[in-house]
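Here's a friendly walk through one protein chain. Have a look at the picture first, and then we'll pick it apart together.

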Amino acid sequence: MSEKLYLPHSTRCFICGSENPVGLKHIFYVAGNSVSSDILIPEGFNGFKDIVHGGIVSALLDETMGWNAFVFGKGQNLYFTRDLNVKFRKSLNTDTPYLLKTEFLSEKRMFAITKGYIIDKDNNIYAEAEGKFIEIPDEKMEETKQYLLFDNNKNYHPKTTIFRK
């Protein structure tokens, strides 16, 4: 496996916000040609007993795929989601480790197209998604930069250096 190059997290984001008391606090990294996240969703983010809520699954895919659009796309800013299509194949259990991996599919005009999937240790697919992402405007990126955080003990993907304060 290639070296993990991390991506910044934010203060209040539901998915990656380190200062969000009700958030998931997930960490994203680039390994090879994928943006990934090791996920374990605790009890309390479920719909049915012991089953992760589909909205949480969708949000995790969306966030990770958006980072993929930034890392592998032509843009210099982060990306908003334009379209997201999620297929739920199997229920994800709470308090169970999974891997969320993404692929960059293409870039057409102003849109980056990415794919993501959540797998277990045996490579069984639990959910997959395809999305279309559009680069956010420069003024929104300037506003957003102040909320991006970098940990001292991690190696970060080179494209994120434009966000450092």
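Let's start with L7, which is buried, with a relative accessible area of 3%. Here, buried means under 20% relative accessible area, exposed means over 50%, and partly exposed is in between (1.4 Å probe, protein chains only). Before going on, a word on the model: it is predicted, so local features need pLDDT of at least 70 and side-chain atom pairs count only at pLDDT 80 or more, while totals for chains, interfaces and linings use all residues. Residues are numbered from 1 along each chain as its sequence is written, and side-chain values use heavy atoms, with hydrogens and water left out.

Where does L7 sit? You'll find L7 in the loop between β1 (5–6) and β2 (9–10). Leaving aside neighbours within four places in sequence, L7 is in contact (heavy atoms within 4.5 Å) with F28, Y29, V30, V35, W67, V71, Y156, H157 and T160. Take V35: 28 residues separate it from L7 along the chain, and their C-alpha atoms are 8.9 Å apart.

Now zoom out. The chain has two helices and nine strands, and from the N terminus on they run β-β-β-β-α-β-β-β-β-α-β. Helices (H or I, at least four residues) and strands (E, at least two) are DSSP runs, numbered from the N terminus.

How about overall shape? The C-alpha atoms fill a box of roughly 40 × 35 × 30 Å along the principal axes. With 165 residues, a compact globule would have a radius of gyration near 15 Å, and the chain agrees, because it has 15 Å. That radius is taken over C-alpha atoms, and the globule rule is 2.2 Å times the number of residues to the power 0.38.

Of the 165 residues, 45% count as buried. Among contacts between residues at least 6 apart in sequence, 61% join residues at least 24 apart.
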